[in-house]
Amino acid sequence: MSIAKIWVVAEVVDGAATTTSLELVSHARALADTVEVVVWGDGASAAGTLGEYGATTVYDVGDLGGALPGAPVAAAIAAAVTAGTGPDDVLLPATYDGRDIAGRLSVKLDRPVLTNVVDLTAADGVLSSQHAIFGGAEILTARFTGEGPGIFVIRAKSFPAEPSGGAAAAVVAATAPDTGASNAARIVARHVEERTGPKLDEAAVVVSGGRGLGEKEQYVLIEQLAALLHGAAGASRAIVDAGWVPYSHQVGQTGKTVKPTVYMACGISGATQHMVGMKNSKNIIAINKDQDAPIFQVADLGIVGDVHKVIPKLIEALQARS
Ligand SMILES: Cc1cc2nc3c(=O)[nH]c(=O)nc-3n(C[C@H](O)[C@H](O)[C@H](O)COP(=O)(O)OP(=O)(O)OC[C@H]3O[C@@H](n4cnc5c(N)ncnc54)[C@H](O)[C@@H]3O)c2cc1C
């Protein structure tokens with residue numbers, strides 16, 4: 001028996017639903033009879049796409065006047081639940097705003113939150129969530145008991161985003177009750193990090209570097225190789241913590257989850273916290289001078305060698321081809 005109604009909190013940036021939002025809507029389709037979405041700001045402009053991926057209704061909390069979405073969006077969802085028109089379960093992306101909304105909703109509904117979800121299944125009208133724990137070494141299954149909707153915060157790339165060919169979702173205004181001082185903060189500036197290639201979590205090819213590069217200056221090898229492969233440059237936490245590259249490059253448990261067609265790990269040992277963020281990549285290539293490095297356990301192609309010798313050769317070969 002599936003779930004009657006799931007709401008997905010969807011993020012819309014510059015009029016387009018984020019890939020993670022579409023992943024949640026796509027998967028919700030397989031779990032529930034009805035999938036509806038909650039948006040804010042210019043989110044209603046994505047009603048066509050959200051419908052194509054399976055949403056029938058878009059509840060639009062509307063213009064937030066520069067406020068953070070946490071308080072008003074949580075209040076709007078809680079109001080619908082109290083009025084008896086809310087969902088059986090709420091799915092949120094594991095983003096800053098998704099987590100903020102989930103926490104506030106949890107307080108309002110007096111329900112816990114299940115976070116870091118990597119899979120969701122439905123049985124007997126109840127959702128069960130899977131969580132990667134101990135750096136992804138173990139999978140734990142959890143579910144809600146008691147009255148009230150389940151609140152699930154889901155990691156990016158847990159499900160594929162697949163359109164179902166549905167019609168545009170109907171847009172319905174969802175008024176947020178007054179949230180007083182909790183809604184006082186205003187967004188005064190946004191910084192969009194400059195980048196030339198594709199986004200790390202959406203690239204078909206990701207080339208990541210680790211401590212094996214030896215020094216910050218060697219990261220240019222990773223950037224060159226990524227650019228030649230039309231991919232994105234990633235990193236292990238070791239070199240992010242060392243200040244070689246910004247945090248936005250980090251792949252892993254406390255960084256980004258990536259699922260490219262090709263993932264290249266260069267001078268990365270393969271700690272569980274790194275692998276949890278990349279091990280579902282379609283093809284994994286590892287370059288490491290230690291033949292016993294754990295990364296080789298998940299690699300489809302392993303190159304035992306020095307990154308300072310192997311990567312320049314690869315760059316040379318790719319440049320000769322282009
Ligand atoms: C709570 C928590 C969260 C974490 N989250 C993350 C996360 O999100 N992402 C993440 O990456 N890590 C994370 N970590 C850190 C993780 O445990 C590892 O410390 C980190 O991934 C190691 O990075 P590394 O592989 O670059 O470095 P190392 O483990 O030092 O490995 C370097 C590798 O390079 C190889 N090497 C050395 N020289 C060369 C050479 N010349 N050529 C080829 N190979 C060479 C070595 O053989 C070695 O295998 C987390 C840790 C904790 C506790």
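How close do the axes of helix α5 (residues 219–228) and α8 come, and at what angle do they cross?

Author: A word first: this is a predicted model. In it, the axes of α5 and α8 come within 10 Å. They cross at roughly 30 degrees. Angles under 35 degrees count as roughly parallel, and α5 and α8 are therefore roughly parallel to each other. Their crossing is left-handed.

Now the residues. From α5, the contact takes L221, Q224, L225 and L228. From α8, it takes I311, P312, L314, I315, L318 and Q319. By class, that gives eight nonpolar and two polar residues. The contact of α5 with α8 has no charged residues.

Helix α8 spans residues 307–321 and is one of the elements that give two or more residues to the shell around the ligand. The others are α6 (237–241), α7 (272–275) and β15 (283–288). The largest share comes from α6, with three residues. In total, 28 residues surround the ligand. The closest are G210, G212, R237, G252 and S269. Sorted by class, the shell has 15 polar, eight nonpolar and five charged residues.

Step back to the domains. The domain assignment gives domain 1 as 3–183 and domain 2 as 205–321. The C-alpha centres of the two domains lie 33 Å apart. Contact between them involves seven residues of domain 1 and eight of domain 2. On the domain 1 side, three of the touching residues are nonpolar, two are polar and two are charged.

Another helix pair can be set beside yours: α3 (residues 70–82) and α4 (residues 96–109). Their axes come within 8 Å and cross at roughly 45 degrees. That angle makes α3 oblique to α4. Here the crossing is right-handed. On α3, the contact residues are G70, A71, V73, A74, A75, I77, A78 and V81. On α4, they are D97, D100, I101, R104, L105, K108 and L109. The classes are 10 nonpolar, one polar and four charged.

To return to your pair: α5 and α8 cross left-handed, with eight nonpolar residues in their contact. And α8 also gives residues to the shell around the ligand.

Note on methods:
Residues numbered from 1 in each chain as written. Predicted model: local features only at pLDDT ≥ 70, side-chain atom pairs only at ≥ 80, totals over all residues. Domains from an automatic or database assignment. Contact = placed C-beta atoms within 7 Å. Nonpolar A, V, L, I, M, F, W, Y, C, P; charged D, E, K, R; others polar. Near = placed C-beta within 6 Å. Helix = DSSP H or I, 4+ residues; strand = E, 2+ residues; numbered from the N terminus. Axes fitted to C-alpha atoms, helices over the stretch in contact; angles between N-to-C directions. Parallel < 35°, antiparallel > 145°, perpendicular 65-115°, else oblique. Left-handed = near helix turned anticlockwise from the far one by under 90°.
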